[in-house]
Amino acid sequence: ERQARQPDARLAEFLRLTFDQMAARALRDHVGGGFFRYTVDPGWDTPHFEKMLYDNAHLAMLYLRAAAVLRQPRYRELARSTLDFMQDELLDASGGLYSSTSAVDDAGREGATYLWEPDELKRRLSPGAYAAARRVWRLDTAREFEGGYLPAEYRTPTADERRLLADAVRVLHPLRLARSLPRDDKLNAGLNGLALSAFSQASQLDPAYRQQADRLQHFLLSRLVRDGRLVKGIARGQVLPHAELEDYAYVVQGLLDHADATGNTQSRTRARQLAL
């Protein structure tokens, strides 16, 4: 917001560097989209493999805002891939979104869902895509993870390599979705309010995001508001009572963002009622 109000060239350079490195290094899932919870090293090379709804909702909005303020259209694509991850891997049949994906697979192996063996990559990818992956993803170095290698821009790709890696991701993404990935399936009010803000703000990019925003609005108002009050969430069919201040804040803001993006008067009215 400061950069939007008072543009500063040095601050803009710092912000672009930060956004670029967050997207390029291992903090981001380069195959499935979205961001891991954090990294355990200062170089952002080794992630903790949980992916949280709240992180990804915040970051989708942040990249959308950065695209406009810093005049970087490619940040919109990063926001898209983050929103797509939320829909692909966190969406419940009710229209709400789960709280997180696990850091371990069904066998208890940390990061295994996201890691690849070079032999499989060589078998699955074209020779050009594999060569690009071998150099950029550092398949030619000692492995850091027991379960394989993590796709990330450990070395800066050339323009041709970037195109080939995009081809590789299109091949690997459906294979990744078929792997086991346990989820924390709590449907939390505040986190879904954050997601409603994210999908509402992105609704002009894609009709699918508008549809998801509408579904989230309906889910929140029909399932998580009881007798005019917000509940904390739903876990395995059981209602969790006693929403907290942050739940109200995020849901109210989500409803206001939905109203601004779609013109839905019910969202604005219900936001005001919840805020009282």
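Reply: Rings of Phe, Tyr and Trp, the last taken by its six-membered ring, count as a pair if their centres lie within 6.5 Å. In this predicted model, such ring pairs join Phe19, Phe35, Tyr63 and Tyr75 into a cluster. The structure holds 9 aromatic pairs.

One of them is formed by Phe35 and Tyr63, whose rings are stacked, at 5.7 Å centre to centre and with 20° between the planes. This pair links distant parts of the chain, since Phe35 belongs to the loop between α2 and β1 (38-39) while Tyr63 belongs to helix α3, 28 residues apart. Phe35 is buried, its relative accessible area being 0%, and for Tyr63, also buried, the value is 0%.

Tyr63 has a further partner in Tyr75: the ring centres are 5.5 Å apart and the planes stand at 80°, so this pair is edge-to-face. Planes over 60 degrees apart receive that name, whereas those under 30 degrees apart count as stacked. Because Tyr63 is in helix α3 and Tyr75 in helix α4, the pair ties together parts 12 residues apart in sequence. Tyr75 is likewise buried, with 0% relative accessibility.

The surroundings of Tyr63 may now be considered. The largest nonpolar core comprises 52 residues, and Tyr63 and Met86 are those with the most contacts inside it. Two or more residues of this core are supplied by each of α2 (9-24), α3 (53-69), α4 (74-90), α8 (189-201), α9 (207-223), α10 (245-262) and α11 (265-275). Helix α3 provides the largest share, 9 residues. In soluble globular proteins, nonpolar side chains tend to be buried together.

Met86 shows which parts of the chain come together here. When neighbours within four places in sequence are left aside, Met86 is in contact with Leu53, Asn56, Ala57, Leu91, Leu97, Ala195 and Phe199.

Lys51 lies over the face of Phe36, 5.7 Å from the ring centre. In another instance, the charged end of Arg179 is placed over the ring of Trp116, at 3.8 Å from its centre.

Conventions: Residues numbered from 1 in each chain as written. Predicted model: local features only at pLDDT ≥ 70, side-chain atom pairs only at ≥ 80, totals over all residues. Heavy atoms only, no water. Core = buried A, V, L, I, M, F, W, Y, C linked by side-chain atoms within 4.5 Å. Buried < 20%, exposed > 50% of the residue type's maximum accessible area, 1.4 Å probe, protein only. Helix = DSSP H or I, 4+ residues; strand = E, 2+ residues; numbered from the N terminus. Contact = heavy atoms within 4.5 Å. Lys NZ or Arg CZ within 6 Å of the ring centre and 35° of its normal.
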